[in-house]
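Biologist: I am new to this structure and would like to go through it slowly, one question at a time. Could we look at the model together?

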Amino acid sequence: ILDLIDVINSEKVKCCSEILQLTEVFARKYSELLPQMPYNINVIDELHINENGHSRILTKLLQFKNQDGRYEILESLLQYIANDLHCEKFSKIKISLPEITQEKCRIDLWVRDSSYALIFENKVYDAADQEAQIHRYIERTIQENYKEEKIYVIYLPSYDKEPSTQSWGKYKKNFKDRYANVSFRNGILPWLKKYILPNVRTNDKLLLSAVTQYIDYLEGIFSLRTINN
């Protein structure tokens, strides 16, 4: 048994020595290649935005109108929810003159149009649901003279977390077909990359820059950046 222990200890020492040698080689190679990497700066990274910052960015994107007056990015998001996320009810929404606000009446992002209303609840950092939070936002929207069947709820967690039952109050069952879980990792990010970035017009330079930066920022949050590969 003692001989076996000596062999094991010897192998451990050998293994540790090899790891240290590898570390030294890696450190030298890292120092050699680092200056060759492209310089990376992301303005959003440097501003250290919070949950409200994400809501402001999304609000500005959804407020975008093209030269024909169409809310193209809002249209794209609703089509993405209907087709890619299989929430078919969202395809029934007809955009006309939406009022798109952020943090009005404590609602993260609120879209109110002549025939529908969208409630966005942003949980990008997975904050706990407040007491009857979605319930209260639905009630507040009803007070704006929207019928319940014309109200839609979009939940925005980091991954695919669902809102708590208590947050829905009495409304969870009623909104089964008018609710979409659009996580930042598996919803917002692929939507921006697949449908928004490739279709931004070249003369909309600031929009292109904003979308590019936001995509890069989200990839940074979810450890998806490839720049260091």
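Biologist: Which residues does glutamine 133 touch, not counting residues up to four places away in sequence?

Modeller: This is a predicted model, in which local features need pLDDT of at least 70 and side-chain atom pairs count only at pLDDT 80 or more, while totals for chains, interfaces and linings use all residues. Residues are numbered from 1 along each chain as its sequence is written, and side-chain values use heavy atoms, with hydrogens and water left out. If contact is taken as heavy atoms within 4.5 Å, then glutamine 133, which is found in helix 5 (residues 133–143), touches Glu121, Lys123 and Ser167.

Biologist: Does glutamine 133 count as buried or exposed, and why?

Modeller: The terms rest on relative accessible area, computed with a 1.4 Å probe on protein chains only: buried means under 20%, exposed over 50%, and partly exposed in between. Because its relative accessibility is 2%, glutamine 133 counts as buried.

Biologist: With which side chain does the side chain of glutamine 133 make a polar contact?

Modeller: A polar contact is a pair of N or O atoms within 3.5 Å, where within protein one must be able to donate a hydrogen and the other to accept it, and residues adjacent in sequence count only if both atoms are side-chain atoms. For the side chain of glutamine 133, the partner, at 3.2 Å, is the side chain of glutamate 121.

Biologist: Which residues have the most contacts inside the largest nonpolar core?

Modeller: A nonpolar core is a set of buried Ala, Val, Leu, Ile, Met, Phe, Trp, Tyr and Cys residues joined through side-chain atoms within 4.5 Å. The largest one has 43 residues, and its largest share, seven residues, comes from helix 4. Those with the most contacts inside this core are Phe90 and Leu118.

Biologist: Which residue does the side chain of glutamate 75 meet in a polar contact?

Modeller: Glutamate 75 lies in helix 4 (residues 72–83), helices being DSSP runs of H or I with at least four residues, and strands runs of E with at least two, numbered from the N terminus. Leaving out residues up to four places away in sequence, glutamate 75 touches Arg70 and Ile95. The polar contact, at 2.7 Å, is made with the side chain of arginine 70.
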